[in-house]
Amino acid sequence: MLVNVALFLTAAVLFVPFFKRLGLGAVLGYLCAGVVIGPWGLALIADVESILHVAEFGVVLLLFVIGLELQPSRLWRLRSTVFGTGGLQVALSTLALFVIGWAWGIAPVTAFIAAFGLAMSSTAFVLQMLAERGELSTRHGRSAFAILLFQDLSVIPFLALVPMLAMGSKPDVHSPELWIGTAKAVGAIAVTVIGGRYLLRPVLRWFAKTGVAEVFTAAALLVVVGTALAMEFVGLSMSLGAFLAGVLLADSEYRHELQADIEPFKGLLLGLFFIAVGMSANVGLVVERPLDVIGVVVVLMVVKAAVLYLVGRLSGLEAHASRSLALALSQGGEFAFVLFGVAASSGVLDTPLRELLIVSVTLSMIVSPLLYSLHARIQPTREPAPYDVIDVAATQVVIAGFGPFGQIIGRILRVKRISYTILDKSADNVAFLRQLDIPVFYSDASRTEVLRAAHAGQAKLFVVAIADRDESLRVVEAVRKLYPGLPIIACARTRQHALELLDRGVQQVIRRSYLSSLEATRQVLMMLGESEGQAQRYIDAFRQHDSKVLLRQMAEPRDELNVLKRAREGARELQELFDADAGQK
């Protein structure tokens, strides 16, 4: 046992970092590690089936964590994208692959299960690849996330459906076994839902009060194992029970603690699962039946890429974004291994076909990142979208930048019915804000013609809510040069940034974390025993003193020695101020 554990760990630490460095992802590293140490490689481990059976618990934990992340409220907000785009991709891919499999001579039920499994893409694989390239926030990145989310959700009921399909296309509806089995399944789901809603939280609260971290971790694992075993006992998938338990706890106060406790076990066991899948992949098929394997890989990736491109275009993506979406999700996924395993154990999928499909999915996961990297290199660099032509009447306020800081200002102005115009350089942000009917223009507020078109000279106030220091200074300089008398309020990231804004004539500078820090300090003092009035006096004294020091620094050199000197003087003055206040109490 220890020898096998050492082999798994050695393979993981050798292959996974290497593949991540190549930009191919950790999943592919685990798969290749399994191939190397498995029967078709160095044959260091022979009993693959028992290892795969244990490692499947990693998938159970993965589905529990997915359930924890899927709060019902969050799922409802994403419903149109997830169920629209994602549902269309799964339906069209499954239909196309089913027709091809049926035409190839595969039995309808088997072809349907195989087609659905191949329609799945790798959640861990794709999200990691897009994150490494900084593309998760792009339009094709967000669409990929929505499709993967729907795939994760659709796997759950399908896993429960496979054992039913194994009974045949025409089950005997009068069979007592059928009704007893159905009653057991419905009862188990009902018990899980009701127990999870009314019993799990009090139980977890009791364990949390013990103050023993290991006990709470053990309780979290017991929740996953218990629900998984309950589902398996009534003939359903263990993954279904784990997923239900996760969803039921997604809104609980223990969600993050549960996720932190489960994550290490999930990561290790999921890695073991991928290694076991790599070991179980019949690499000999590539030599024995190269045309069949290559044919399945080509059909799989071409069909899925075509469907994904079509879905991308129908959902409003541009051609280049649809191509990126198609190549990113064209591979098979880890859930295909799970589905094929369940189908094989249910007698629906024979061993030769299962081995062919597993090898094909594995090869598609190897080819996919290579194709995506090649596409990224040969795709011509797009010119940035042209700025908007600004055609708007004069408003009371012009806001440059509409991130988290500017949005708060805009929301309150909107409620007060105070007219405002927004200038923002983020094309994605502008596209989103326009869906909310917010008066925003994709443009550069540091350009003279833009300020004139936005009628900034007729505004009562100009707000610079741009986080980037250099860009905010450029905007302030442009406004001050064109409209010297226009009042400006600007946010600053740092003290130095605030000084530079004041140097340029900004009337009011708001440091982004300054006021929230003062409020936090006031709360700290009160929790330590100070009265509310005394705590507020300390905060007011600090704020007045800090403003005087800031104004003093404007007129002095800002070299490091002088900054340190003034900081020490300011700290001493502040200490004297607080001591004097304490003496007057």
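This is a predicted model: local features need pLDDT of at least 70, side-chain atom pairs count only at pLDDT 80 or more; totals for chains, interfaces and linings use all residues.
Where is the place of Ser-426? Let me begin there: Ser-426 sits in the loop between strand E2 (420-424) and helix H20 (427-434), where helices (H or I, at least four residues) and strands (E, at least two) are DSSP runs, numbered from the N terminus. Residues are numbered from 1 along each chain as its sequence is written, and side-chain values use heavy atoms, with hydrogens and water left out.

Ser-426 is partly exposed, because its relative accessible area is 33%; here buried means under 20% relative accessible area, exposed means over 50%, and partly exposed is in between, with a 1.4 Å probe and protein chains only. The C-alpha atoms of Ser-426 and Asp-444 are separated by 9.6 Å, and these residues are 18 residues apart along the chain.

Let me turn to the strands, which pair if DSSP finds at least two bridges between them. Strand E1 (residues 397-400) pairs with strand E4 (residues 461-464) in the parallel sense over 4 bridges, and Ala-400 has Val-464 in E4 as its bridge partner. E4 is also joined to strand E5 (residues 488-492) by 3 bridges, and these two strands run parallel; there, Val-463 has Ile-489 in E5 as its bridge partner.

Now to a pair of helices. Helix H22 (residues 469-482) and helix H23 (residues 495-503) pack at an angle of about 10 degrees, with their axes 10 Å apart. The axes are lines fitted to C-alpha atoms, for helices over the stretch in contact, and angles run from 0 to 180 degrees between N-to-C directions. H22 is therefore roughly parallel to H23, given that angles under 35 degrees count as roughly parallel. On the H22 side, the contact (heavy atoms within 4.5 Å) is made by Arg-469, Ser-472, Leu-473 and Val-476, and on the H23 side by His-497, Glu-500 and Leu-501.

What about charged side chains in these helices? Side chains of opposite charge can pair when their charged atoms come close. The structure holds 5 salt bridges, a salt bridge being a side-chain nitrogen of Lys or Arg within 4 Å of a carboxyl oxygen of Asp or Glu. In one of them, Arg-469 and Glu-500 meet at 2.7 Å, N to O; since Arg-469 lies in helix H22 and Glu-500 in helix H23, the pair ties together parts that are 31 residues apart in sequence. Glu-500 is buried, at a relative accessible area of 11%, whereas Arg-469 counts as partly exposed at 36% relative accessibility.

Finally, Glu-477 forms a salt bridge with Arg-504, the closest N and O atoms lying 2.8 Å apart. Glu-477 lies in helix H22 and Arg-504 in the loop between H23 and strand E6 (508-511), so this pair ties together parts that are 27 residues apart in sequence.

Note on methods
Angles under 35 degrees count as roughly parallel, over 145 as roughly antiparallel, 65 to 115 as roughly perpendicular and the rest as oblique.
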